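Dear colleague,

I am passing on a structure that you have not worked with before, and I would be glad if you looked through it alongside the notes that follow.

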Amino acid sequence: HGVSRVAGSQTRSDQAREKELQHITRYNELVELIAETQYTVEVLNLTTKLLTENPEYYTIWNHRRRVLQHLFPTQAESASLSSDSHQTTLDLITADLSLTTSLLRQYPKCYWLWNHRYWALQVGEARLQVAAARKLWQGELQLVTIMLGADSRNFHAWSYRRFVVGELERIPAQPDEAIHSKQSQSMTEAEFAYTTKMIKANLSNFSAWHNRSKLIPKLLDERDSDDAERRHMLDNEFALIHEAFLDPFDQSIWYYHQFLMGTLSSRNSRESAIILDLTDNDQKRYCEQEINFIKEILEDEEECKWVYEVLLQYSTSFPSLKGNESVITSDDLREWLSKLRGLDPLRNGRWTDIERTLDLQSKGLVSQ
Amino acid sequence: MSLVSGPGRGGGSDSALPQELQLFVDKHVRYIQSLDKRKDELEYWLTEHLRLNGLYWGLTALHLLGHPDALPRNEVVDFVLSCLHDSGGFGAAPGHDAHMLYTVSAVQILATLDAFDDLEARVEGGRRKVAQFIANLQDAKSGTFAGDEWAECDTRFLYGALNALSLLGHMDLIDVDKAVDHVKTCANFDGGYGTGPGAESHAGQIFTCVGALSIAGRLDLVDRDKLGGWLSERQLKNGGLNGRPEKKEDVCYSWWVASSLAMIDRLHWIDQSKLTAFILSCQDPELGGLADRPGDMVDVFHTHFGIAGLSLLKFPGLAEIDPI
């Protein structure tokens with residue numbers, strides 16, 4: 001992906017060709033050497049060499065893991081809790097984390113690299129003392145924060161982050177403690193704060209908004225929030241988006257608004273819920289409030305297609321808005337559709353379908 | 001599109017079309033044929049871990065272009081079977097470990113070439129063996145699928161498993177309902193799906209999840225208007241499609257996004273002629289093949305998905321493709 005074509009790059013000089021052929025021979029020899037020999041440190045080093053050149057060579061990663069499994073102290077040695085065997089295990093794991101860190105800088109989206117890290121950490125947890133294992137996971141959180149700082153849209157990093165957080169929540173902070181309540185080690189508040197930080201740094205961070213949408217329901221449950229607190233949360237989130245309306249061309253904020261509105265729908269699941277005791281009146285009130293806020297944008301900006309799209313979308317999906325001429329008139333709908341067609345002709349097929357739905361609804365032919 | 005003269009003539013050198021609307025069929029065929037002859041290029045060896053995928057992409061593209069025999073059938077079958085392990089799984093190339101990704105490509109190639117009998121002839125109970133390898137990768141608790149013994153789980157593998165097993169006629173070996181349940185956990189507020197529970201919607205994952213639901217007969221679980229809306233927004237002003245909000249266009253999304261839209265009957269929600277023009281602009285008119293976007297290096301992955309996209313959009317002269 002993303003490699004430009006250079007004119008005439010297909011022809012190589014004889015010298016360049018010869019060099020490439022030698023490289024190929026060395027590369028293939030390395031592969032054979034790894035395949036033939038035993039599970040030794042020498043082979044481990046050979047795999048390092050090869051993987052540095054081609055981190056996508058998954059079979060070699062598999063082989064490396066087999067070698068490591070042989071190099072780890074045996075069960076008996078580990079059971080004796082000798083500090084030597086513990087150190088050996090830690091050293092081996094740390095070395096692999098180091099290797100993958102440097103490779104991840106060059107190939108931040110390589111599935112095989114992330115996989116190897118998952119494996120190394122899980123092995124570490126199985127074989128190391130709890131404190132050492134936990135320290136490794138904390139290091140992972142740091143790594144993933146750095147990577148998201150470099151590319152906040154890297155979904156591998158976000159997935160890994162959720163995994164690391166889950167592990168840190170699970171592994172006891174005090175090694176000798178009996179099973180503690182999940183509550184005391186939950187990182188939901190911290191992760192929620194992290195998304196706030198990312199959004200404030202860059203509003204267009206769809207990945208951060210997405211993560212936030214998953215955290216909020218969980219957060220409310222963990223805080224044991226009552227109905228008032230839940231409403232407060234929703235109001236705050238709407239307020240955040242209202243601020244962001246100053247730049248209505250940012251699509252991320254509209255998707256998040258869609259999420260918030262979605263929590264008002266009767267079809268919303270419990271696990272994505274914000275308000276639990278929503279009445280029909282509540283829904284009506286929120287819908288009208290939001291429609292009005294959005295309509296206000298049109299006073300300053302008439303050429304933003306998202307505004308019309310969202311207005312039409314909500315008009316068709318919320319019972320309290322359908323046919324509610326005090327908030328949305330049929331003329332409004334017709335005007336918005338026409339503006340949308342003009343501003344966003346690519347999606348004309350969709351606007352036609354929406355128009356058909358609206359016509360049918362106004363004729364009373366389509367049920368809710 | 002009524003621009004091309006007659007069936008079976010997707011472009012070629014004698015078309016009266018302006019260059020930007022032609023599909024350079026012959027060039028692409030030759031490009032694909034040349035791929036296995038580049039053993040003197042380091043890149044060839046550095047991509048050996050993708051060989052079976054590459055073969056699937058190349059072969060499928062050739063079939064769509066109307067040149068199914070451009071790669072010799074028996075050689076292809078021989079190569080595919082040389083990647084088979086005792087476990088029933090296929091590796092990317094001979095000597096490479098078995099993995100779901102390559103097993104799926106292998107099954108797809110064998111299905112395309114009508115070569116399941118060849119498999120049975122060489123390996124007794126071959127079909128069942130391969131199916132069992134795939135089925136064994138299902139996680140009993142979550143319903144999702146791992147790629148191999150090293151346990152990476154991803155909805156890509158779930159889709160691959162359902163795809164391959166339906167081709168092999170062995171869906172009975174897995175718990176389809178559990179797999180469907182897992183897909184449900186990957187659903188997001190925007191109607192899309194991610195790599196796993198909690199993950200952001202991504203066009204590639206949407207394709208795998210909707211494809212899986214389609215094969216399992218559970219498209220009822222998809223919010224078609226919501227997802228259709230999200231997918232239609234992938235189209236950018238230049239006609240190309242991206243994979244998620246604020247990202248760049250890439251010709252491979254011509255397949256992931258378009259076929260997802262097709263599966264939920266919303267393909268008309270994007271501008272098809274603009275997309276067609278974009279895909280065509282990704283061709284390398286001299287060397288053949290397609291790139292991720294105009295002016296970039298071509299590769300067989302993008303060649304395949306660009307052509308598949310064109311077929312879905314009913315570009316004349318191309319064989320018809322099923323969105324799943």
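Contact, as the word is used in this message, means heavy atoms within 4.5 Å. Please keep in mind throughout that this is a predicted model.

I begin with a residue of chain B. Leu119(B) is found in helix α6 of chain B, which covers residues 116-122, and at 1% relative accessibility Leu119(B) counts as buried, because buried means under 20%. Leaving aside its neighbours within four places in sequence, Leu119(B) is in contact with Leu81(B), Leu84(B), Leu110(B), Gly126(B), Arg127(B) and Val130(B). The C-alpha atoms of Leu119(B) and Asp78(B), which are 41 residues apart along the chain, are separated by 9.7 Å.

In chain A, helix α3 (residues 58-71) and helix α6 (residues 111-127) pack at an angle of about 15 degrees, and their axes are 11 Å apart. That angle makes α3(A) roughly parallel to α6(A), because angles under 35 degrees count as such. On the side of α3(A) the contact is made by Tyr58(A), Trp61(A), Arg64(A), Arg65(A), Leu68(A) and Gln69(A), and on the side of α6(A) by Trp112(A), Leu113(A), His116(A) and Trp119(A). By class, this contact has 6 nonpolar, 2 polar and 2 charged residues, and the crossing of the two helices is right-handed.

Chain A is also divided into domain 1 (186-278) and domain 2 (295-359). The centres of these two domains of chain A, taken over C-alpha atoms, are separated by 24 Å, and 11 residues of domain 1 are in contact with 10 residues of domain 2.

With kind regards

Note on methods: Residues numbered from 1 in each chain as written. Chains lettered and ligands numbered in written order. Predicted model: local features only at pLDDT ≥ 70, side-chain atom pairs only at ≥ 80, totals over all residues. Heavy atoms only, no water. Axes fitted to C-alpha atoms, helices over the stretch in contact; angles between N-to-C directions. Helix = DSSP H or I, 4+ residues; strand = E, 2+ residues; numbered from the N terminus. Parallel < 35°, antiparallel > 145°, perpendicular 65-115°, else oblique. Left-handed = near helix turned anticlockwise from the far one by under 90°. Nonpolar A, V, L, I, M, F, W, Y, C, P; charged D, E, K, R; others polar. Buried < 20%, exposed > 50% of the residue type's maximum accessible area, 1.4 Å probe, protein only. Domains from an automatic or database assignment.
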